[in-house]
Each structure stands twice: as structure tokens, then as C-alpha cells.
Amino acid sequence: HMARLIFDIETVGENFDELDEATQHSLTRWIKREAMDENEYKSQLDDVKNGLGFSPLTGQIVALGVYDLDRQQGVVYFQAPDKRLKEFVEDSITYKPMDEAEMLRSFWEGCLKYDEFVTFNGRAFDVPFLMVRSAVHGIKPTQDLMSNRYLNKQMRIKHIDLLDQLSFYGAVRRKGSLHLWCRAFGIDSPKESVCGDDVAPLFKKGRYEDIARYNAKDLFATAALYERWLAYLAE
């Protein structure tokens, strides 16, 4: 039976006000065209500023969690730039502070031990983000986690994106967030206490461990959702 790895990332954006003029212009020029009035312009500008973490061009990975389904053990790599934090262990998860380049190297190296990967929305978000950030740091991915979206066409390794599977490859219009899927299946949702939008403010406040623990909760929730999918919906 294949070795299975769940993974998930947390990201934060750069500070908009510190970006050069050309970059600010490039990110906001469409708003001027589309906004009907000053208020709409302001709210769309806020959206842009708060959304910089969703693109690897203006954001970076601050936590990267991996969870081995069969061993039921995981690691969360996380950035803690100005703190001298030591590695620690809690609930089957080892927490390792390191910079973004180190976490990407560790991730791709670890990937070589697995032939099945599980994510929630990983094909649309986590994997492209990981790949671009890796390239930025001059790091080459070791596994192809993007090709052949359809499970029955995946050959050497499998990447099961649960959002893709549960929405039948996007056939349904409302795909549902991880929180909604957890709620429907009675799984503890990581979004009860923290959600993706809280990551940047937490990072600013230096609450790095909180981000890392939230990332671990995402891993546990994805694992539980995968078990349901496997039991009742997988082919």
C-alpha cells in the first residue's frame, strides 16, 4: 500500500506600502477602471492589500505542514524570524522553526518517500505556490504534483486534491470551504479559532507558534476528511 502524505501551507503577503511604485501600480491599476466611486475604490484597495499573501509573487510561506497518514505523525516547518525558538513536539507533530528556503528544501526531500499526496485545494493553491516559491529560491521540485488532475489518469504518483474530488472536479458550482466540509461531516474545524485571514496579523505580532498550531489543525482536518472520502466516495 502506498505511503501517503498530507500537506498544507500558510502564507503571508508583503507590506503593500513598502512595495515600489511600479509594483503598486501593477497590482491596483484595474481598480481605478472598475471602481464606481471612492468608497468602492477604498474597499477594493484594501482587498488587494490583504490579498498579497495569496500569490507567490507578493507573498511567502510562513508555515508548511506535512502529515504521514500511516505513521500518524507530522512535522510543521514554520518561520519565526526574530525569535530564538527551539524545535518542540505536541500531539504527534514536531514543530521546526526555519526560514522559507529551508522548509522548501525539507519538503521536497521528504516528498521522495511518498507516492500518494493528499491536500484540500492543493492543485489550485498550495502546489503552484510551493513550486513558484521554490523556483524563486533556486530549489527544484522533486515530485510532479500538478499533472493529470483526474485520478484514473495519474500514473507514477497520485495527488488527491479533496476539493477537486468532493466537488467532482468542479462540476458543482458551490465547492465549499474546508470549514463547511468539516462541519457537514462532523469533523473539528480548524477555522473555529483561527482562519486564513488571521495568519498575517498573527505573523506581524510574532505569534509564530499559533500559526504553526493552526497549520497542524488543518492537517488533522484534512486527514479526517480524506478518511471519509476514502470510505464512501472514492472509486
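Let me start with what I mean by an aromatic pair: rings of Phe, Tyr and Trp, the last by its six-membered ring, form a pair if their centres lie within 6.5 Å. Hi everyone, and please keep in mind that this is a predicted model. By that rule, the count comes to 13 aromatic pairs.

Here is one of them. The ring centres of Phe 7 and Phe 117 are 6.4 Å apart and the planes sit at 70°, so this pair is edge-to-face, given that over 60 degrees counts as such. What I like here is the link between distant parts of the chain: Phe 7 belongs to strand 1 and Phe 117 to strand 6, residues 116-119, and the two are 110 residues apart.

How much space lies in it? About 930 Å³. The lining is made of 34 residues, and those nearest the centre are Thr 11, Phe 54, Gly 196, Asp 197 and Val 199. Which elements give two or more residues to that lining? They are strand 1 (4-13), helix 2 (38-50), helix 4 (122-136), helix 6 (178-185), helix 7 (199-204) and helix 8 (208-232). Strand 1 gives the most, with six residues. If you sort the lining by class, you get 14 nonpolar, 10 polar and 10 charged residues.

Now let's stay with helix 4 and look at its partner, helix 3, which covers residues 100-111. Their axes come within 10 Å and cross at roughly 115°, and the crossing is left-handed. On the helix 3 side, the contact involves Glu 100, Leu 104, Phe 107 and Trp 108; on the helix 4 side, you will find Leu 130, Met 131, Arg 133 and Ser 134. By class, the residues of this contact are five nonpolar, one polar and two charged.

Key. Residues numbered from 1 in each chain as written. Predicted model: local features only at pLDDT ≥ 70, side-chain atom pairs only at ≥ 80, totals over all residues. Heavy atoms only, no water. 1 Å grid on protein atoms, 1.4 Å probe; cavity = no way out; pocket = protein on both sides within 12 Å on 5 of 7 lines; lining within 4 Å. Points joined across faces, edges and corners; volume = space filled by probe spheres on them. Helix = DSSP H or I, 4+ residues; strand = E, 2+ residues; numbered from the N terminus. Nonpolar A, V, L, I, M, F, W, Y, C, P; charged D, E, K, R; others polar. Axes fitted to C-alpha atoms, helices over the stretch in contact; angles between N-to-C directions. Left-handed = near helix turned anticlockwise from the far one by under 90°. Contact = heavy atoms within 4.5 Å. Phe/Tyr/Trp six-rings, centres within 6.5 Å; stacked < 30°, edge-to-face > 60°.
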